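This report goes through a structure one part at a time. Keep the view open while reading.

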Amino acid sequence: MGTEKTQLKVLGVRIETIRLLLRVIIFISIAGAAISSRLFSVIRFESIIHEFDPWFNFRATKYLVSHSYYEFLNWFDDRTWYPLGRVTGGTLYPGLMVTSGIIWHVLREWLSLPIDIRNICVLLAPAFSGLTVISTYFLTKEMKDSNAGLLAAIFMGIAPGYISRSVAGSYDNEAIAITLLMATFYFWIKAMKIGSVFYGTLTALFYFYMVSAWGGYVFITNLIPLHVFVLLLMGRYTHRLYTAYSTWYALGTLASMQIPFVGFNPITSNDHMAALGVFGLLQLVAFGDYVKSRVPSVQFKTFLAVSLTFVILLGIAGLFGLTALGWIAPWTGRFYSLWDTGYAKIHIPIIASVSEHQPTAWPAFFFDTGMLIWLFPAGVYFCFQELRDEHVFIIIYSVLCSYFAGVMVRLMLTLTPVVCVAAAMALSNLFDVYLNIVDVFTTSSNEIQEDKSTTKKSTKKSGVLEEKNVILPLITKLVVTLTFAFYLFYFILHCTWVTSNAYSSPSVVLSSRNPDGSPTIIDDYREAYYWLRMNTPEDAKVLAWWDYGYQIGGMADRTTLVDNNTWNNTHIATVGKSMSSSEDVAYEIYKQHDVDYVLVIFGGLLGYSGDDINKFLWMIRISEGIWPDEIKERNYFTDRGEYKVDKEASQTMKDSVMYKLSYYRFSELFGGRDGPDRVRNQDIPAADPPELHVLEEAFTSENFIVRVYKVKDLDNVGRNLFDATKFDNQLSKPLKRARTIKRPVLPIRE
Amino acid sequence: MQLRLLQLFVILGSLFAISMAGLSDNQILELSKSSKNHIIDITDDNYEKILYGKRDYHLILVMTSDSVQINCLLCREFKPDYDIIVNSWFQDHPNGLPEHELNEVYEKSKITKKNIYFARAEFANARKLFQIFELQSIPKLYHFPPTNMPGRHDLLSDSNEYPFFHGDQKVLVTDFLNSKTGHKYNLYIPVNYSAVIFNIVITLSILVILYVFRGLVLKFVSNKYAWLIVSGGLTLVFISGYMFNQIRQTPYIRQGEGALQYFVPGQQNQLGIETQIVGFVYLFLSVLFVLLTVHSPTYKNALVNLIAVSIFSILIFVFYSLLLSIFSLKGLGYPYSFIRFF
């Protein structure tokens, strides 16, 4: 072989150099593919932050770059949850904001590139996906070889399961968390393999970064101890394992406690107890290992039995005792809901109601990973074939994460990396066998030599064999290689199709088609939020359902009563009550909370189904939970128990503020005829239009999606607002000029 | 004997009811005592007598159904809770509240102390009553407060409905009753001895079996392939949507128009058999892939090798096409397919 190495030169350049060059080129192209496939939304729409939570992260980032880091950590936000406020600095994971803050400062001050912070936020997720690709490569390389690594990298780059959370504009914690997850796992495997304190420290460092970025760090906190525990059960204790784990646990735990939101959780909450328990167990095993090397085996057995019983009893008593004393907190509800799937349904409706926490049906698995999903079990098989320590890790990760992904849709995100790694290992095993065409020629000559030496079937067949051996194996290899190249090609088509169709809509801006088929953009949200920003006083308080809290804070920059943080259920119920009760009750709430504007989302005109009337039942339910005497869900249904908004709607429904605000002057659009509500397919009666007394229409966006109302001030001459409105109406009736509203004709695209 | 007495009593009672309707406190106490579990069974024959007329006590009515046709899951879940509440009340007050306590007023809630009795109406036996209430869903729990109105009155306006919220129904119902009647309710949850013994026996027998066959068990535990089957199997089961079936309790198969339906459209829908089919497709594909990679290179003869590889490749192609066809059925407008099976 030594002689071969010197021979392997192409055009005078050593083959290793060429390999390195090729690898770098492949990497650059993979990263390019990963980033560009995440840019659909930027190209179709514009560089804009998506959805709801990213708007909060964006706002926090803006706060960070305009203030100092310490001010950011001590940030008390009085512009949300009015009048309570929120201790924002202590209740968020700062990793994401700090990352973009650092990038912004580096670009601005070191490279003199003053880039808008918004663009950094929008493009952060695609940029980090490039880094994820690299860490996946290194992780898979530890599992098999660099060929598998490259395959895993390309899979990771374009797998829709990961793209779903990392398209441009999806500025959420998960965007950088997956990168950190893969990096932490890579360094852990490396540390465990060579028993290095250096790599153990790097693991802890990336673990710290992960803790600062995403609540899902608990996954690492439990997976690594589980890996160690299984290795101990398999009798694979080594000093390397001891070094790696002890380094990671000690440093990682200390580091993670520096995050204000995490605080003392790592030593008090049960979520983290597995890591502590395994740490203790590892010390005992290390001690036992030492004793074993010093005493005869018979005595060691007694020693083992006695100490094992003692330790187990002590451990169980300690755990129960400390929990009973309240020193360590019980498992958090979110964690429970993973194991006991009925738990959330009964005890935490707010978790059960969120769509991300629903179980996953099988099409979602195929949708998010394509053909990789059936290569995945094969990959697990190949892990069992070799079953080195690091393969045990992949096996545990596979089984656990398939379970988690099955229970909660959002955990598809953590399953996708292991699917990519396992599938890449499987596929690279296949390619090892079938892609190597050089084999065909070399083995044939080897076989001839064998034939000659064995001299059994020799001379007469050897000539025939020689010809056959070249062509038939070549065909065999071609068949397999070509079919799988074909599948891979289709895999790329699949990923692009899924990304472009399902995961690239900002949901702030909607796309639709004109009657003639030309594409158009529905931009009502930003239109309304911009109106609020420009036309209302800076300290105006806007009341809206919590879904829109982050967007109002981010885009309109106005104070909100509730937002997507949902930390105070009573406050949310108050807002729900103001929406679901009659005007006089609502007015009291408005005055108590200094509300200046009320904002509702209405999709009845366009057929936009995610509007407030469809969410109305949740508002009623949540406020009924707090005021069961005043709000009763039953009253909002017709006598036959139907949820209706047309002329059969119940009186309570028609009196509710939400109904009035949604359908105020709606039938005027249709020239006095009944107005059709396109979402609920019901006709809104024109005969009995809703009247407003304590509110007045301030702004309605182009397609009626966002409607803003101003809360009237107390009457000048001390009249009741209802009387005042009646008086005004009588006075101005002959003078009132009918406002002409142009009705938009475009239907929304499903 | 008891039954005969009861019949006599009922006849006498109904005669009385014609004039006045409604039962006195003593009458309903006797009726409660003679009923199973102290829960009065309301039927089409006796509901007028019991529910209408003057009442000097609180009456709790649960409208429910055990029948298979209606298949009310919540009713079945709620039934033992209700039994426990009623039993606990009668365990504390076997003959109702003592005479001297009746008609006292609770200091806190200002509610007059009255006895409370419990009734249950089964849909199959009380259709008329269910029609009066115009129920859309069951179970329902109503509280009828004491009343002085004789004769028929509107049952709906006369009663308070208990809202079924998420949570432990035993506690929620007693809270509700406490707010309406002022009484304090203790809950005596009977220990299910048979379940305890059953669990102990099962645990012990498993331990014994493990001990007796410890050689085999050890062999299994230390066998790589056993673990491969366990973890590979679990992975396959999970990625084919098993947990969704468990949590949502999806039907196994559905009767469509004329024919049996094996697949339902929609990305958030699936059937039990559908996930099994998909799971098997995944399994076949994986196994074929492993055969292709590990097994076929071991054939020394080039021709045999070619044939084996071709068969495996074709099978993979067929199964992958099948998977794509099933996926297209889910109605996402998925544009890619190889061979269309449906």
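## A strand pair in chain A

Strand β7 (residues 597–601) of chain A pairs with strand β11 (residues 706–711) of chain A, and the two are antiparallel, with five bridges between them. One point to find in the view is Val600(A), whose bridge partner in β11(A) is Arg707(A). The model shown here is a predicted one.

## The sheet around that pair

Strands β7 and β11 belong to an open sheet of five strands in chain A, ordered β6-β5-β7-β11-β10, with mixed pairing. Which strands form the edges of this sheet? They are β6 (559–560) and β10 (695–700) of chain A, and each of them pairs on one side only.

Thr560(A) is part of strand β6 of chain A. Is Thr560(A) buried or exposed? A residue counts as buried if 20 or more other C-beta atoms lie within 10 Å of its own. Thr560(A) has 23 other C-beta atoms within 10 Å, and is therefore buried.

Leaving aside residues up to four places away in sequence, Thr560(A) touches Thr80(A), Tyr82(A), Val542(A), Ala544(A), Gly549(A), Ile552(A) and Gly553(A). Another residue to look for is Gly85(A): 475 residues separate Gly85(A) from Thr560(A) in sequence, while their C-alpha atoms are 9.6 Å apart in space.

## Chain A as a whole

Chain A contains 33 helices and 11 strands. The chain has 750 residues, of which 42% count as buried. Taking the contacts in chain A between residues at least 6 apart in sequence, 71% join residues at least 24 apart.

## Two crossing helices in chain A

Helix α20 (residues 362–369) and helix α23 (residues 412–434), both of chain A, have axes that come within 11 Å and cross at roughly 55°. With that angle, α20(A) and α23(A) are therefore oblique to each other. Their crossing is right-handed.

Where do the two helices meet? On the side of α20(A) the residues are Ala364(A), Asp368(A) and Thr369(A), and on the side of α23(A) they are Met412(A), Thr416(A) and Val419(A). Sorted by class, the residues of this contact are three nonpolar, two polar and one charged.

## The sheet of chain B

Chain B has an open sheet of five strands with mixed pairing, in the order β1-β3-β2-β4-β5. Its edge strands are β1 (39–42) and β5 (160–161) of chain B, each of which pairs on one side only.

Within this sheet, strand β2 (residues 58–64) and strand β3 (residues 116–122) of chain B run parallel and are joined by seven bridges. Leu59(B) stands opposite Tyr117(B), which is in β3(B).

## Where the chains touch

How many residues of chain B are in contact with chain A? There are 47, and they are in contact with 47 residues of chain A. On the side of chain B that touches chain A, the elements giving two or more residues are α10 (224–239), α11 (242–248), α12 (272–295) and α13 (302–329). By class, the residues on that side of chain B are 25 nonpolar, 19 polar and three charged.

Note on methods. Residues are numbered from 1 along each chain as its sequence is written. Chains are lettered from A and ligands numbered from 1 in the order in which they are written. This is a predicted model: local features need pLDDT of at least 70, side-chain atom pairs count only at pLDDT 80 or more; totals for chains, interfaces and linings use all residues. Two residues are in contact if their C-beta atoms, placed from the backbone, lie within 7 Å. Helices (H or I, at least four residues) and strands (E, at least two) are DSSP runs, numbered from the N terminus. Ala, Val, Leu, Ile, Met, Phe, Trp, Tyr, Cys and Pro count as nonpolar, Asp, Glu, Lys and Arg as charged, and the others, Gly among them, as polar. Axes are lines fitted to C-alpha atoms, for helices over the stretch in contact, and angles run from 0 to 180 degrees between N-to-C directions. Angles under 35 degrees count as roughly parallel, over 145 as roughly antiparallel, 65 to 115 as roughly perpendicular and the rest as oblique. A crossing is left-handed if the near helix is turned anticlockwise from the far one by less than a right angle, and right-handed if clockwise. Two strands pair if DSSP finds at least two bridges between them. A residue is buried if 20 or more other C-beta atoms lie within 10 Å of its own, exposed if 12 or fewer, and partly exposed in between; C-beta atoms are placed from the backbone.
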